[in-house]
Amino acid sequence: MRKKPIVALIYDFDGTLSPGNMQEFGFIQAIEQSAKTFWRKSDEIAIGQDASNILAYMKLMFDEAHRKGIKLRRKDFQRFGAKVELFPGVLEWFKLVNEYGRSKGVTVEHYINSSGLAEIIEGTPIAHEFKRIFACSYLYNDEGEAEWPGVAVDYTAKTQFLFKINKGILSIRDSKLVNESQAEDKKRIPWSNMIYFGDGDTDVPCMKIVKMFRGNAIAVYNPDNPAKKSNAEKLLRQDRVNFISPTDYTAGGKTFAIVCGIIDKIKIKDTLHSLKK
C-alpha cells in the first residue's frame, strides 16, 4: 500500500496564532509591569551588552519573577499559557485542516517554530495539536524551578528546525542526524510539502528557505494593524512569500482557502508521481 503524503504546517506563534507576545497575557501582569516597560527593559539589556534579544527577555523574566517572589516552574508557565489569546478560528483550525487533509488522502501535521517559550505554549488550549513545539525553554533545578536558559531560538536558529522536520527529527538537542547526508526520497517530509506561517521579520529566513525549496510561505497579518498588513505586502513584493492572508483561521477565511489549495496541489503531484512507476 502506498504511503499517504505528509503535509507539515509550521507556525510561528506570537503575532501568527496569537495577537501579541505571549508574555503579555499573564506573566507581565503578575510582575505588575506594563508591556511597554518590560520590553524596554529587555531591549536595554540586549543593546547595553550587545546580547541576544532572546536571552535578554529570558533573563528579564527570570529576574523580575524572583524580584516579585514568583516561582517559575513548568506548571507556572503553563498557567500563564492558559491566558494567552488566540486569533479568530484558531481553536477550530486544526480539526478543520486535518479533516480536509483526510478527505484528500493526505496526512496533516502541525509544528510550532517560535522564539517564544515552549512552556507557555504548552499551557494553551491548542498545545496538544502540535507534533512538536520547537521554541525557547529553561533548564530546571531539583525543585523544578527554572534556573537557566536551556534553548534560545532566534530568527536564524529557527531555520534548523525546518531541516529537522524535513528529516523527521524531533530532538532539539540533536546536531548529528540533522547534518547527515540523506537522499531526497528518504526524507520524511519533502520541502514542497511544507507550509510556513509567520507574521514578521524574524520569520523571513524560514519563509525564504521554504519558498526557495518549493514549499509555501504565508505571511499572515492582523487586519486591525495596518503596519502588519504593510509588512506582509512588502514581503510579497520582495518575493519572500507565496501568499499573504489575514489572521482569520475560520472555515470561510482566505487562509483556509489557501491551505486547501496547497493540499490539493500536493495530492495531485503525488498521484502523478505514482503514475510514473
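## Exercises on pockets and aromatic rings

The largest pocket has a volume of about 890 Å³. This is a predicted model, where local features need pLDDT of at least 70 and side-chain atom pairs count only at pLDDT 80 or more, while totals for chains, interfaces and linings use all residues. Residues are numbered from 1 along each chain as its sequence is written, and side-chain values use heavy atoms, with hydrogens and water left out.

**Exercise 1.** Find which residues lie closest to the centre of the largest pocket, and describe its lining by class.

*Solution.* Start with the term: on a 1 Å grid over the protein atoms alone, a pocket is an open set of points where a 1.4 Å probe fits, with protein on both sides within 12 Å along at least five of seven lines, and lining residues have an atom within 4 Å of a point. Next, pick out the centre: of 22 lining residues, the closest to it are Asp185, Lys187, Pro190, Asn193 and Asp270. Then sort the lining of this pocket: six residues are nonpolar, four polar and twelve charged. Here Asp, Glu, Lys and Arg count as charged, Ala, Val, Leu, Ile, Met, Phe, Trp, Tyr, Cys and Pro as nonpolar, and the others, Gly among them, as polar.

**Exercise 2.** Work out why the pair of Tyr11 and Phe130 is called edge-to-face, and which parts of the chain the pair ties together.

*Solution.* First, the rule: rings of Phe, Tyr and Trp (its six-membered ring) pair if their centres lie within 6.5 Å, and planes over 60 degrees apart count as edge-to-face. By this rule, the model has 16 aromatic pairs. Second, apply the rule: the rings of Tyr11 and Phe130 have centres 6.1 Å apart and planes at 70°, so the pair is edge-to-face. Third, locate the partners: Tyr11 lies in strand β1 (residues 6-11) and Phe130 in the loop between α6 (118-121) and β3 (132-140), so the pair ties together parts 119 residues apart in sequence. Helices (H or I, at least four residues) and strands (E, at least two) are DSSP runs, numbered from the N terminus.

**Exercise 3.** Are Tyr11 and Phe130 buried or exposed?

*Solution.* Buried means under 20% relative accessible area (1.4 Å probe, protein chains only). Tyr11, at 0%, counts as buried, and Phe130, at 8%, counts as buried too.

How values were computed
Phe/Tyr/Trp six-rings, centres within 6.5 Å; stacked < 30°, edge-to-face > 60°. Buried < 20%, exposed > 50% of the residue type's maximum accessible area, 1.4 Å probe, protein only. Points joined across faces, edges and corners; volume = space filled by probe spheres on them.
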